[in-house]
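My notebook is open and I have a structure to look through. I'll jot down what I look up as I go.

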Amino acid sequence: MASGESCTILVGSLRQDSINRAAASYAAGHLRDHFTVHQPELAQIPLFNQDVEDVGYPAPVGALKRVVSESSLVLFFTPEYNYSTSGVLKNAIDWLSRPFGSGSLVGSVVAIASASPGSRGGENAREHLLQTCSVLTDRLYKVTLGIPNVTELKAGSLSEQHSQLLAHWLEDVIEFSRQPEAQAQKMSS
Ligand SMILES: Cc1cc2nc3c(=O)[nH]c(=O)nc-3n(C[C@H](O)[C@H](O)[C@H](O)COP(=O)(O)O)c2cc1C
C-alpha cells in the first residue's frame, strides 16, 4: 500500500519498446507498496531556453517541477547515447535544476539506473548523470545500477534475472531514503 510519500520516475528514452521504460515500469510496480508513484512523460518538455524561463515555465515544465518537488524519491532510468546520458533526460534535468541552488531536486533522494544491451550497463551514462546530479541534491544515492545485456524484452518486460537485480537495488534505495537525514532534508527544503 502506498504511503503519503511520493516517488517520481523519469525515463530518458522516448522509444515505445524502450528497455529503460520496461525497467521503469517494473520499478513503479515495486515501489507502489511504499510510495505514490508518478511517471511523467518527457516527450512534451520543450528544449531548455533561459529566455522562456525568464517569462515563466511552460505548463508541462511547471507540472514536472511540481511533481518532482513533492517527491521524496526521484529515479532516473537513462539509456546510454554516445557514451553519455540521453539529451531528453539531460534537458528535463536542466529545467529541474532551476532556479540555480534551489531547484526541484533539492532534498530529494535521487537514484540512477541504466538498462543496456551492452555488457557495461550504460556505465558512462550513469557516471555522467551522477556527476550532474551531485550538484542538485545532497541526497544522491551514489550506487547506480547497471542492467547489462538486455537484448530483448519478454512481452514488454525484463527477464526474471534482470528484474531481481533491479528489485534488490530498489530495496537498497528504499532503505537509504528511509534514513532520517533524507526525510528531514526534504521537509525543510
Ligand atoms: C544515438 C544512439 C547512441 C548510442 N550510444 C550507445 C553508447 O554509447 N553505448 C552503448 O552501450 N549503447 C549505445 N546505444 C545503444 C543503446 O544503449 C540502445 O539502443 C538502448 O536500447 C537504448 O535504450 P532504450 O531501449 O531504453 O531506448 C546507442 C543508441 C543510440 C540510438
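Before I start, one cut-off to keep handy: a residue is buried under 20% relative accessible area, exposed over 50%, and partly exposed in between. I also note that this is a predicted model.

**Entry 1**

I looked up Lys90 and found it in a salt bridge with Asp94, with the closest N and O atoms 2.9 Å apart. Both residues sit in helix α4, four residues apart, which is about one turn of the helix. Buried or exposed, or something in between, for Asp94? Its relative accessibility is 26%, so I put Asp94 down as partly exposed. Lys90 comes out at 31%, so I call Lys90 partly exposed too. A reminder to myself: side chains of opposite charge can pair when their charged atoms come close.

**Entry 1: a pair from distant parts of the chain**

Next I checked Arg98, whose side chain meets that of Glu53 in a salt bridge at 2.9 Å, N to O. This pair links distant parts of the chain, 45 residues apart. I found Arg98 in the loop between α4 (87–96) and β4 (109–115), while Glu53 belongs to helix α2 (residues 50–55). Glu53 has 12% relative accessibility, so Glu53 counts as buried.

**Entry 2: one more pair, and the total**

I then looked at Lys154 and Glu152, whose side chains meet in a salt bridge at 3.8 Å, N to O. Lys154 is exposed, and Glu152 is exposed as well. How many salt bridges does a search of the whole structure find? I noted six.

**Entry 3: two helices packing**

Last, I turned to helix α1 (residues 19–31) and helix α6 (residues 160–177). They pack at an angle of about 50°, and their axes are 10 Å apart.

Which residues make the contact? On the α1 side I listed Ala23, Tyr26, Ala27, His30 and Leu31. On the α6 side I listed Ser163, Leu166, Ala167, Leu170, Glu171 and Ile174. Sorted by type, the residues of this contact are eight nonpolar, two polar and one charged.

How values were computed
Residues numbered from 1 in each chain as written. Predicted model: local features only at pLDDT ≥ 70, side-chain atom pairs only at ≥ 80, totals over all residues. Heavy atoms only, no water. Axes fitted to C-alpha atoms, helices over the stretch in contact; angles between N-to-C directions. Contact = heavy atoms within 4.5 Å. Nonpolar A, V, L, I, M, F, W, Y, C, P; charged D, E, K, R; others polar. Salt bridge = Lys/Arg side-chain N within 4 Å of Asp/Glu carboxyl O. Buried < 20%, exposed > 50% of the residue type's maximum accessible area, 1.4 Å probe, protein only.
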